[in-house]
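Have the model open while you read.

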Amino acid sequence: RWFWFDPPFHPNQSVLLHKQSDNVWRIDFQLGWDANPDEARKPENVIPRIRAMLGPDAQFELEWVSVYQFACRRIDQFRHGRVIFAGDAAHQVSPFGARGANTGVQDIDNLAWKLKLVLDGIAPETLIDTYHEERAYAADDNLRQSTRSTDFITPKSRASLRYRDAVLALAKTEAFARPLVNSGRLSTPTPYVHSSLNTADDAPFAGRLLPGTNCADAPIVRDGQPGWLLHQLGDGFALLHFGRAPVAQLSVRLPGGVVNARVLSVGQDFNEDAEHTLSSRYDGQPGTTYLIRPDQHVAARWRRFDAALIEAALRRCLALPTAA
């Protein structure tokens, strides 16, 4: 992907170029607020822009031409009664960092398991409200990141313009300035560190996998074959235990039914790789246990396998009272 800031072939604006499949190249020309969208998309106005960029002898044909507007906004509530909003219906971000489709998929990852448990009568309807709690928080994070990228690409003030131009000038020779060039921070999952579904740590842990964080993947070995941790977790609740666990499955009886959490024992169900990557990323001391949600986010973690603590954390993760 290539970015041009204030190039000679498109003064005072930016241009983005990247290759797509089937030998198609996407070129985004920034247009000013006074541009006429109907005129701007006409071939007789598009082709001269491309020739100015690529040179008069470049051979190309137009595959598709459209005009779009940067937008950074979200709906006030992701749930309005029995109507639930997701993806572009819930939030829109400018197209820098691949945040649009990625966060739409993450919305559904977050919603699907909650909706099923409510429809099955196992969890209360209030569990659906945590969809807004967690995904609005993530949307705000994406909007903040995307707005920063947009402001760097299209400065809105004289000070922002001076900062952008200084960063670009310094980046040619100074390594410290290159990470400051913000043409779009690539999308990463937002940890739900303040979620009401989390159970706080009762012991110190090293690393970044706080409750509410998406699980980190790690290489494992199962039946002599290499694999990956996330492929082992399945699509329900899981307990990742470092060492020999007392049970293969923990079942919790609730007013609406039974919820099962499959136990995966490191060293019993599968082994680590030679570098012990898994225990390093999870600070997996012997006895350490993680409760993992169906969307592969950490709900809770302990330094021991304690069925009572796990049940309380599971009830909290279902928006149920923690006392039986």
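**Pocket lining**

The lining of the second largest pocket is made up of 10 nonpolar, seven polar and six charged residues (Ala, Val, Leu, Ile, Met, Phe, Trp, Tyr, Cys and Pro count as nonpolar, Asp, Glu, Lys and Arg as charged, and the others, Gly among them, as polar). Bear in mind that this is a predicted model, where local features need pLDDT of at least 70, side-chain atom pairs count only at pLDDT 80 or more, and totals for chains, interfaces and linings use all residues. Numbering starts from 1 along each chain as its sequence is written, and side-chain values use heavy atoms, with hydrogens and water left out.

**More on the pocket**

- The volume of the second largest pocket is about 500 Å³, taken as the space filled by probe spheres set on the grid points, which are joined across faces, edges and corners.
- Of its 23 lining residues, V93, S94, P95, F96 and G100 are the closest to the centre.
- A pocket here is an open set of points on a 1 Å grid over the protein atoms alone, where a 1.4 Å probe fits, with protein on both sides within 12 Å along at least five of seven lines; lining residues have an atom within 4 Å of a point.
- At least two lining residues each come from β2 (14–19), β3 (25–29), β7 (91–92) and α3 (100–119); helices (H or I, at least four residues) and strands (E, at least two) are DSSP runs, numbered from the N terminus.

**The five-stranded sheet**

- An open sheet with mixed pairing runs in the order β11-β12-β10-β14-β15; two strands pair if DSSP finds at least two bridges between them.
- β11 (249–254) and β15 (298–302) are the edge strands, each with a single partner, so one side of each has no neighbour in the sheet.
- Inside this order, β10 (237–242) and β14 (289–292) pair antiparallel over four bridges, and H241 has T289 as its bridge partner in β14.

**Around β8**

- β8 pairs antiparallel with β9 (225–228) over four bridges, with I220 bridged to G227.
- β8 and β9 form a hairpin with two residues between them, and D223 in the turn has a positive phi of about 55°.
- β8 also pairs antiparallel with β13 (271–272), over two bridges; there V221 has N271 as its bridge partner.

**N214**

- N214 sits in the loop between α5 (158–171) and β8 (219–222).
- N214 is buried, at 16% relative accessible area (buried means under 20%, exposed over 50%, partly exposed in between, with a 1.4 Å probe and protein chains only).
- Leaving out residues up to four places away in sequence, N214 touches P189, R208, L209, Q296 and H297 (contact means heavy atoms within 4.5 Å).
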